Every structure is written in structure tokens, then in C-alpha cells.
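Colleague: I am new to reading protein models. Could you take me through one, feature by feature?

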Amino acid sequence: MHLHLAYPAVLAVLLFSVGLYGVLARRNAILVLMSVELMLNAVNLNLVAFDVWLRDSLHAGQALTLFTIAIAAAEIGIGLAIVLAVYRNRGSSAVDELRDTAEGAAEEPDPAQEPQSAKTSKKAEATA
């Protein structure tokens, strides 16, 4: 029994397309990470399918797939740790809110609003 190359290739294109849509359209960081995993699985499917189709004696496609799975596991572990840390600090894992807070932190402070410590030190100087 011989499986034609078009079937796994079409399935890989569909998986990659769904993953790409998830990365571009989702706001939740967990769903973005899951979409990246879908894209990596589409690449793995292509690697194995072409390895079988080419009848490679070294099975290089399958070896590369193992490396991709290891890298994907490390990526999801680090990504989940970052998402959990951000969620604990900010109370939300929405990607749009994280971008807005990063842009807000880069803005310069308004000189009309003095910090509280500067106000108290001026009061201490005036009473002395």
C-alpha cells in the first residue's frame, strides 16, 4: 500500500493555515501558543511525509522531526511560564493589553505631575 504525497501535504497546509489564523487573530496568549504548536506539527507532518516519499535510508526527516518536537516542548514550557508570570502580575493574558502596557511604559512622564516623594521633601524643606 502506497500513500500518495498529496494527502499529507494538503493536511499539513490546512493545519498550518489554521495555526497561522490563530496566531494572527487570537488575543489570548495561550491560544497563540497552541496555534504555534499547530504550525510546528504541520511542519513535522511534511518532514515525515517527504522522508517516506523519498525513501531516505538515513531517515533524516524523522530525525529532524524529533528535534522539532524537542524544540517545541521547550518553547511551550518557557512560553507558558512567561504567560503565567504575566497573568499573575497584570491579571490578564490578552496579547493586545500587553502591547498597550508596553507602549504606555515607554512614554515620558508628565512634568506637571510630581512624584509623591518630591512633594513630601518640598514640604519638609519649607517647614525647616
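Colleague: Let me begin with one residue. Is His-59 buried, partly exposed or exposed?

Modeller: Look at the relative accessible area. Buried means under 20%, exposed means over 50%, and partly exposed lies in between. His-59 has a relative accessible area of 40%, so His-59 is partly exposed. Keep in mind that this is a predicted model.

Colleague: Where does His-59 sit in the chain?

Modeller: His-59 is in the loop between H2 and H3. Arg-55 lies in that loop too, with helix H2 spanning 29-54 and helix H3 spanning 60-90.

Colleague: Is Arg-55 buried or exposed?

Modeller: Use the cut-off again: exposed means over 50%. Arg-55 has 64% relative accessibility, so Arg-55 counts as exposed.

Colleague: What should I note about the backbone angles here?

Modeller: Arg-55 has a positive phi of about 55°, although Arg-55 is not a glycine. This residue comes just after H2. His-59 is not a glycine either, and its phi is also positive, at about 55°.

Colleague: Now the helix. How many residues does H2 have, and how far does H2 reach?

Modeller: Compare the span with the expected one. H2 has 26 residues. From first C-alpha to last, H2 reaches 38 Å, close to the 38 Å expected at 1.5 Å a residue.

Colleague: Which residue caps the N-terminal end of H2?

Modeller: Look for a side-chain atom by a backbone nitrogen. Asn-28 is the cap. A side-chain oxygen of Asn-28 lies 3.2 Å from the backbone nitrogen of Ile-30.

Colleague: Which residues of H2 are buried?

Modeller: First the general idea. An α-helix has 3.6 residues a turn, so residues three or four places apart point the same way. Now this helix. The buried residues of H2 include Val-32, Ser-35, Met-39, Ala-42 and Ala-49.

Colleague: Why does Ser-35 count as buried?

Modeller: Ser-35 has a relative accessible area of 7%, and the cut-off for buried is under 20%.

Colleague: Which residues does Ser-35 contact, leaving aside neighbours within four places in sequence?

Modeller: Ser-35 is in contact with Gly-19, Gly-22 and Val-23.

How values were computed
Residues are numbered from 1 along each chain as its sequence is written. This is a predicted model: local features need pLDDT of at least 70, side-chain atom pairs count only at pLDDT 80 or more; totals for chains, interfaces and linings use all residues. Side-chain values use heavy atoms; hydrogens and water are left out. Helices (H or I, at least four residues) and strands (E, at least two) are DSSP runs, numbered from the N terminus. Buried means under 20% relative accessible area, exposed over 50%, partly exposed in between (1.4 Å probe, protein chains only). The expected span of a helix is 1.5 Å times one less than its number of residues. A polar contact is a pair of N or O atoms within 3.5 Å; within protein, one must be able to donate a hydrogen and the other to accept it, and residues adjacent in sequence count only if both atoms are side-chain atoms. Contact means heavy atoms within 4.5 Å.
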